[in-house]
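Visitor: Could you walk me through this one, please? I would like to go from single residues up to the whole chain.

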Amino acid sequence: MFLLARTIRGLEDLACAEIGSPVARVRHREVWFEAARPPGLRIADDLFEIMAVVRDVGPHRTALTRLGEAAAPLRSGEAVDVTASFLGRRTYNRYDVEDAVGTRLSPAYHSRRSGHRPPPGTTSWRVTIEGDEAVIARRLGERPLHRRPYKTGSVPGSLHPPVAAAMARLAGPRGVVLDPCCGAGTLLIEAHALRPGARYLGLDLRKESIAAARSNAPSLAWLASDAGRLPVATGGVDRVLVNPPWNRQVPGEGLIAGLWRELARVLAPGGRIVALLHEPFRERYGLRAVRALPLSLAGSHPTIYEIQPRTSSLTSRGRSR
């Protein structure tokens with residue numbers, strides 16, 4: 001099978017590492033690869049089978065005819081919906097692309113142009129155009145990979161699960177793993193899926209967050225506590241995963257200003273922190289950023305930082321912060 005994994009912008013390299021199979025192409029938010037069967041992926045947002053690659057797709061409306069002709073041999077009687085995206089300026093919009101392909105794929109095509117969601121049971125297709133090359137692909141699952149079955153509870157500011165999975169992979173969970181601002185628990189749940197043998201502790205000042213986390217993963221340890229006064233022994237934590245409040249959807253409360261001082265206290269020698277931050281981080285309380293991974297996430301541009309006790313210099317994929 002020739003497959004396409006969709007990712008958050010900035011996670012393409014980590015998605016390649018998770019896939020493991022020989023990678024054919026890496027494009028904007030996409031990894032193309034071959035596999036005998038669909039792999040279980042957590043960093044990818046979605047997974048598709050590539051059905052057609054169309055070249056010489058220009059910026060003018062004549063490209064729509066070319067896309068429709070490429071979709072025609074893939075026609076079936078099943079109900080379908082199509083989502084399209086492209087880079088660069090063009091004289092057509094995403095709905096034009098979706099309709100050009102969808103009407104050729106099936107007589108039971110549901111257009112998104114009206115703003116209505118597709119009815120249940122439709123087969124979802126994806127069209128992406130980068131430069132003069134387009135790909136037409138069919139989703140392999142009933143829903144996107146990022147919609148996790150465990151997400152029965154949520155709170156404002158809940159982390160996108162594939163980003164949490166990427167952070168867990170960078171952390172390499174082991175020993176005691178702490179999330180001092182756990183929210184609905186997504187970071188620790190994704191880390192537990194990667195390494196079930198570690199011990200996990202999620203803390204949050206808000207009781208509604210603890211309730212959501214317990215709903216999502218009742219087998220893990222969740223406790224209402226202030227991130228600025230951690231109920232953890234000095235040097236008692238091997239890994240920290242944290243997405244602190246950004247004062248956007250979730251305001252900082254309690255003693256959150258003391259977070260980094262407390263993390264420096266509880267982190268064991270040789271420990272590691274992986275944090276999603278909206279402000280630059282270089283060094284605080286003897287903790288130093290050793291890697292920076294900029295993302296584009298729902299219109300914002302946070303950075304995943306790998307942070308360790310002062311031992312090595314800052315490196316960044318893409319750019320320094």
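Predicted model: local features only at pLDDT ≥ 70, side-chain atom pairs only at ≥ 80, totals over all residues.

Visitor: Where does aspartate 56 lie?

Guide: Aspartate 56 is in the loop between β4 (46-54) and α2 (62-71), where helices (H or I, at least four residues) and strands (E, at least two) are DSSP runs numbered from the N terminus. Aspartate 56 has a positive phi of about 60°, although it is not a glycine.

Visitor: And tyrosine 285, buried or exposed?

Guide: Tyrosine 285 counts as exposed, at 52% relative accessibility. Its place is the loop between β14 (283-284) and β15 (287-294), and tyrosine 285 has a positive phi of about 50° although it is not a glycine.

Visitor: Switching to helices, which residues of α6 are buried?

Guide: In helix α6 (residues 207-216), the buried residues are Ser209, Ile210, Ala212, Ala213 and Asn216. Seen down the axis of α6, they fall within an arc of 160° and so line one face of the helix, the arc being that of the directions from the helix axis to the C-beta atoms.

Visitor: What do they pack against?

Guide: The buried residues of α6 pack against α5 (186-194), β10 (199-204) and β11 (221-224), with contact meaning heavy atoms within 4.5 Å.

Visitor: How do α1 and α4 cross?

Guide: The axes of helix α1 (residues 12-19) and helix α4 (residues 161-171) come within 11 Å and cross at roughly 70°; axes are lines fitted to C-alpha atoms, for helices over the stretch in contact, and angles run from 0 to 180 degrees between N-to-C directions. That makes α1 roughly perpendicular to α4 (65 to 115 degrees). Leu14, Ala17 and Glu18 of α1 make the contact with Ala166, Arg169 and Leu170 of α4.

Visitor: And the domains?

Guide: The domain assignment, which is automatic or from a database, gives domain 1 (2-139) and domain 2 (161-309). Their centres, taken over C-alpha atoms, are separated by 34 Å, and 11 residues of domain 1 are in contact with 14 residues of domain 2.

Methods
Residues numbered from 1 in each chain as written. Heavy atoms only, no water. Parallel < 35°, antiparallel > 145°, perpendicular 65-115°, else oblique. Buried < 20%, exposed > 50% of the residue type's maximum accessible area, 1.4 Å probe, protein only.
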